[in-house]
Amino acid sequence: MDGDLRDPLVEGDGREEDIDEITTWGQFVKESATENKKLWLLAGPAIFTTVAQYSLGAITQVFAGHLTTLELDAVSVENMVIAGLAFGIMLGMGSALETLCGQAFGAKQYHMLGVYMQRSWVILGLTCLVVLPIYVFATPILRIFGQNEEIAVLAGKFSLYMIPQLFAYGLNFPLQKFLQSQSKVMAMAWISGIALLFHIFLSWLLIVQLQLGLPGAAISLNVSWWIIVLGQFAYVVMGYCPGAWTGFTWRAFHDLGAFARLSIASAIMMWYSHFLSRAISLSL
């Protein structure tokens with residue numbers, strides 16, 4: 001083990017100058033307003049980013065309403081069950097970076113942010129390969145759980161179309177945590193917002209105007225997710241994260257076991273809160 005995950009990152013007390021003692025109601029209101037402003041400058045764009053990315057699948061289902069009822073059901077099942085499972089796993093495993101990148105940034109060990117992100121890419125890339133059979137064998141899996149035969153077959157077909165989205169998940173969530181730890185939330189919001197607008201246009205063009213059906217829906221959703229990934233990566237490599245991104249490194253392949261354990265633990269927590277709620281809502 002190279003010690004990256006065992007050694008404390010923060011040296012010294014790491015304290016910032018605290019606010020003055022609050023003795024009056026007016027001072028309390030003033031300090032509360034100041035802290036709320038700081039909070040929403042970070043939380044607002046982060047919330048928008050999450051909503052925008054989550055809305056990509058919802059928009060696809062809306063436009064799938066222009067297709068047959070069977071095709072709409074197939075899109076809904078794939079989006080909520082197959083992609084929902086993958087989304088929860090990848091988001092959970094990528095969330096392991098929140099602690100590590102936050103510590104590294106606070107300790108001014110900026111170069112480690114890029115190392116941790118690449119290490120997460122390796123772990124999530126391998127996880128994508130593990131999850132891939134669920135996409136490939138979606139039809140028999142859905143049959144096992146009692147899904148209608150026609151829906152299971154069509155949802156399985158749509159799942160094959162959506163394999164590129166799975167690998168986009170694997171790259172996106174580490175990028176998100178990498179940028180969030182540096183408070184680059186506005187960049188994420190802009191990229192996600194542009195991708196969402198493009199997705200609406202592309203879905204309308206391919207599904208409504210060109211009437212490409214399920215292939216059109218898959219193209220639109222896959223392209224939109226990869227726009228988010230490539231846009232965020234371009235932002236990183238263009239130098240907007242000085243010191244944090246120093247290029248690709250072989251250190252990303254060090255200490256993968258400990259990093260994987262941390263990622264899996266994070267994924268288990270996210271899986272319970274994300275995937276199970278979606279599966280229950282679908283069954284109801």
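Student: Which residues in H7 meet which residues in H9?

Tutor: This is a predicted model, in which local features need pLDDT of at least 70, side-chain atom pairs count only at pLDDT 80 or more, and totals for chains, interfaces and linings use all residues. Residues are numbered from 1 along each chain as its sequence is written, and side-chain values use heavy atoms, without hydrogens and water. Contact means heavy atoms within 4.5 Å; helices are DSSP runs (H or I, at least four residues), numbered from the N terminus. Pro164, Gln165, Phe167, Ala168, Tyr169, Leu171, Asn172, Leu175, Gln176, Phe178 and Leu179 in H7 meet Leu221, Asn222, Trp225, Trp226, Ile228, Val229, Gln232, Phe233, Tyr235 and Val236 in H9.

Student: At roughly what angle do the axes of H7 and H9 cross?

Tutor: Two packed helices are described by the angle and the distance between their axes. Axes are lines fitted to C-alpha atoms over the stretch in contact, with angles from 0 to 180 degrees between N-to-C directions. For H7 (residues 163-180) and H9 (residues 213-240), the axes cross at roughly 35 degrees and come within 9 Å.

Student: Which residues have the most contacts inside the largest nonpolar core?

Tutor: In soluble globular proteins, nonpolar side chains tend to be buried together. A nonpolar core joins buried (under 20% relative accessible area, 1.4 Å probe, protein chains only) Ala, Val, Leu, Ile, Met, Phe, Trp, Tyr and Cys residues through side-chain atoms within 4.5 Å. Here the largest has 70 residues, and Met90, Tyr116, Tyr135, Tyr169, Phe178 and Trp225 have the most contacts inside it. Helix H2 (residues 69-94) gives the most to this core, 13 residues.

Student: How many helices does the protein have?

Tutor: The protein has 10 helices and zero strands.

Technical notes. Helix = DSSP H or I, 4+ residues; strand = E, 2+ residues; numbered from the N terminus. Buried < 20%, exposed > 50% of the residue type's maximum accessible area, 1.4 Å probe, protein only.
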